Every structure is written in structure tokens, then in C-alpha cells.
Amino acid sequence: MRHYDYAVIGGGIFGCYAALFLAGRGASVVLIEKEQFLFRKASLVNQARLHSGYHYPRSLATAAMSDEHKERFTAEHRDFVHSSFEKYYAIDKYGSFTDPSQFERFCAYLRIRCERTDDHPLFNYDRLEAVYRTEEHSFDPVLLGNFYSERVANCSTIELLTGSRLVEAGSSGTSWGMTVQTPRGMLSLETDAVINATYAATNSINRLFGLDSLALTHEISEIGFITSGQFANKGLTVMDGPFGSIMPYGLSGLLSLSSVAYTHHAVSTDEVPVFDCQIPGDDSCTPQAPGLCTDCPRRPVSNAGKMLAQMKRYFSDSVQFDYLFSYFTIKSKLQASYIDDGRPTEISMLSEKPRFYCLFAGKINSIYEVEKIFR
Ligand SMILES: Cc1cc2nc3c(=O)[nH]c(=O)nc-3n(C[C@H](O)[C@H](O)[C@H](O)COP(=O)(O)OP(=O)(O)OC[C@H]3O[C@@H](n4cnc5c(N)ncnc54)[C@H](O)[C@@H]3O)c2cc1C
């Protein structure tokens, strides 16, 4: 029976950051990841927006949290942040929850750059109520993944178990006992504290420990990847409603394409992500332990054509885009966020003796929230 100070379950950016942070304070840590490699799910398949607050005109709390961590995240990941592109936010003439005066007040309150731009040649002002030049950056998920994978691999006090899945857990009152199925067979572990950083699998892990679930909604989501000669190194996000976004995916030279109306293919409001594409007998993806949607032969048919058609309305005819490919993953969000579209990062202690922390992530640059708990 191996003993660790902490067991971190889930090897996305939050699990990796938590493991490294705790190891840096002298703790022994085991990091358990279901897939063969770290960083394959939400931490890879996202819009790569290094949030500065603009995206949440109805959630001051999320906007303020984004702003709080932006500078530190940029400073500590400088080589993986694209900070030299033109970023625009715009308001559709029809159906937005935000209007120009509200957005301008919101930006003034947050003290973030917001310059109205009424004559940009690449945009279609017949469809746009207002366009703003803003300042927002983009992180590179692939480079971030490499960076964190290397740091975890080189940390002598983190034992990394990839391709491994928790099958049983129980409390002795002072510590947790866990059985983990690894590629080399079953392993029994004991740990003083558990951190659940499994995002879409949050509730199935909580349940394994006999703890409460969060009220979540799960969506199979698609991010398209495109290029454009005319709109290279620029980004446009149309808010706040069923609109979309095109912006640099880090330093890759690609633009990510997403749309509130078409990015989400299937929705599950069950405790764990239940989808029709999961089939009995296929252990690589179950509601309890979801798999890698991009690699799945049963992934949804791409909506990239629809997303692009929707976004093209906002551009002048001279702007052309070429679609390359799409990534898919499960996006999970707190049901309570339905009202204000907020994406807070919530860390709750679900058991005190022994300790169990549920870390449900809202945005990449809020990794530092972890430190507030383990101070
Ligand atoms: C479509 C989409 C767009 C987004 N856009 C942005 C954006 O532009 N900017 C931004 O800041 N944020 C964005 N987000 C949110 C952000 O990506 C997530 O908040 C963040 O990546 C979550 O990180 P994580 O480490 O908690 O989860 P993940 O990266 O999903 O990692 C969880 C890990 O847990 C593992 N796991 C699951 N079950 C088990 C198990 N039983 N045992 C062991 N391991 C397990 C998984 O395999 C996975 O590797 C977006 C999310 C999505 C899905």
C-alpha cells in the first residue's frame, strides 16, 4: 500500500497545476489520469481565450476573476501567450442581451480597453450595432500542455499514473483508501487528501467517494479550426447571446471557430454526462468516465459549415475563410450559471476528515484559485 499526502485525480491544467503547487510545498502527490496523456480534454479543446473580462457582461464576478488572474497567468506563461493580435468585440443588431451603452459602462467599471470602431473595412456594419477594439490575448493549449506535462514528468515528488482509472474508494476516518486500475494491474493507495479535478467526470468521482454531486450541464462541443488571408492574426467575438467567435488559437497560426448556437451538439443535464453515442461494452467512454470525443468514430457530424456561415455575416465580402478540421470535447458548466452565463471556478471541501476537495474549473487562467485553498 503506497501512501501519499495528496491524490489528484484528473490531468488537465487544473490537476497538473494543483499537483505541482502541492509538490512545490513539499507534499508527496499521486496524479491519476484516465487517458494515456495529460491535457487531452477541455484543457486542449477550447477557444484559447485568455479572458480579460469582456466575455461576461452579465457576470461581474466572472469578469473580475478573469481580470484578477490575467496578468500573473501571462507573466508565468509568457512563451505560450499570443499577445500581439487585434481583438474586437461586437454587438449584433438583433437579439443581443447587451447593448452598446451597457457594454461601455461595464468596460469602464472593469477599466479594460474598449474603443468604438465605426469604420473597419473588414466588418459588415449593416449587421453589427457596434464594434470595439479591445485588448485580449490567447494562450496556446498545445504548448501549455507540453509545458505542464514536462514539469509533472520532471517533478520527483509527483507519481504520475496515466491510462489509470479509480475503481474504488473508501474512508478510514483519517485517510482515503483507493484502488486504481493501471496499465500494469490494480494498485492500492492511501492518501490524506483527494483533489477531484476531472471536470466532466466531477460527479462520478464525487459519487465514488460517497460525496455530493454538483448540478451540472454537459455539452458535446466542437471547436473548428480555420485560416484566413484577410483576417489573419485578428479576432472577433460577437456577444452576448447565440452568436460566435473567431480568434487566434494561441501561437499556432490557426483561428478557432465557435458559436453559441452550433458549437454544442448534444446536451446532458444528468449528474454525469449521458449521451446516445456512448454504447454498452465500450469502456473507453462511459457516462462515469467519458472518453476522447475527437478520436471517437461516433463523434457528431461537424457544424463548422453552419458556424462559418453565421460568422460570415459579420464580415465584409472581401474576407474569406478556409476550414481545416475540428476538435470535440465535453464542456461542463454549473447549472446555476444559466442566468448570468458566468464561469466561476469553484473549489469546495466536500469532506473534512479525511479531506476531499472538488475543483470545478471555469476558465484556464483561474488555476491560481487552487492556492487560496491550500495556503
Ligand atoms: C469548448 C470549450 C471552450 C472553452 N473555452 C475557453 C476559453 O476560451 N478560455 C478559457 O479560459 N476556458 C475555456 N474553457 C474552459 C476550460 O477549458 C476549462 O475550464 C478547463 O480546461 C478545465 O480544466 P480541467 O483541468 O479542470 O479539465 P480537463 O482539461 O477536462 O481535465 C480533466 C481530466 O480529468 C481526466 N479524468 C476524467 N475522469 C477521470 C477518472 N475517472 N480518472 C482519472 N482521470 C480522469 C480527464 O481525462 C481529463 O484529462 C472552454 C471549455 C470548453 C470545453
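Strands here are DSSP runs of E with at least two residues, numbered from the N terminus. With that in hand, here are some close-up views of this predicted model.

**View 1. His218 sits in strand β13.** Start with this histidine, which is buried at a relative accessible area of 0%. The side chains of His218 and Ser332 are joined by a polar contact of 2.8 Å. The side chain of His218 also reaches the backbone oxygen of Asp270, at 3.5 Å. Leaving aside neighbours within four places in sequence, His218 is in contact with residues including Ala200, Ala266, Val267, Glu271, Phe275 and Ile330. Look for His264 as well: 46 residues separate His218 and His264 in sequence, and their C-alpha atoms are 9.4 Å apart in space.

View 2. Zoom in on the protein backbone here. A polar backbone atom of Phe14 is 3.1 Å from an oxygen atom of the ligand. For Ala361, a polar backbone atom is 3.3 Å from a ligand oxygen, and for Gly362 a backbone N or O atom lies 3.4 Å from one. Taken alone, the ligand exposes 1,000 Å², and the protein buries 98% of that.

View 3. Cys285 is in no disulfide either, and its nearest cysteine sulfur, in Cys293, is 6.1 Å away. Cys16 is buried, with a relative accessible area of 0%. Cys285 is buried too, at 17%.

**View 4. Ser164 in the loop between β9 (158-161) and β10 (165-171).** Is this serine buried or exposed? Ser164 counts as buried, at 2% relative accessibility. Not counting residues up to four places away in sequence, Ser164 touches Ile32, Glu33, Lys34, Val180, Gln181, Thr182 and Pro183.

View 5. As background, most peptide bonds are trans. Met239 and Asp240 are joined by a cis peptide bond, with omega about 0°. Asp240 lies in the loop between β14 (234-239) and β15 (244-248). A cis bond also joins Lys353 and Pro354, with omega about -5°. To find Pro354, go to the loop between β19 (346-351) and β20 (355-360).

View 6. Most residues other than glycine have a negative phi. Ala48, although not a glycine, has a positive phi of about 65°. Ala48 is found in the loop between β2 (29-32) and β3 (49-50), and is buried at a relative accessible area of 1%. Tyr199 is not a glycine either, and has a positive phi of about 55°. Tyr199 lies in the loop between β12 (185-196) and α5 (202-208). At 18% relative accessibility, Tyr199 counts as buried, because the cut-off for buried is under 20%.

Conventions
Residues numbered from 1 in each chain as written. Predicted model: local features only at pLDDT ≥ 70, side-chain atom pairs only at ≥ 80, totals over all residues. Heavy atoms only, no water. Buried < 20%, exposed > 50% of the residue type's maximum accessible area, 1.4 Å probe, protein only. Disulfide = S-S within 2.5 Å. Polar contact = N/O pair within 3.5 Å; in protein donor to acceptor, adjacent residues only side chain to side chain. Areas by Shrake-Rupley, 256 points an atom, 1.4 Å probe, with all protein chains shown as cover. Helix = DSSP H or I, 4+ residues; strand = E, 2+ residues; numbered from the N terminus. Contact = heavy atoms within 4.5 Å.
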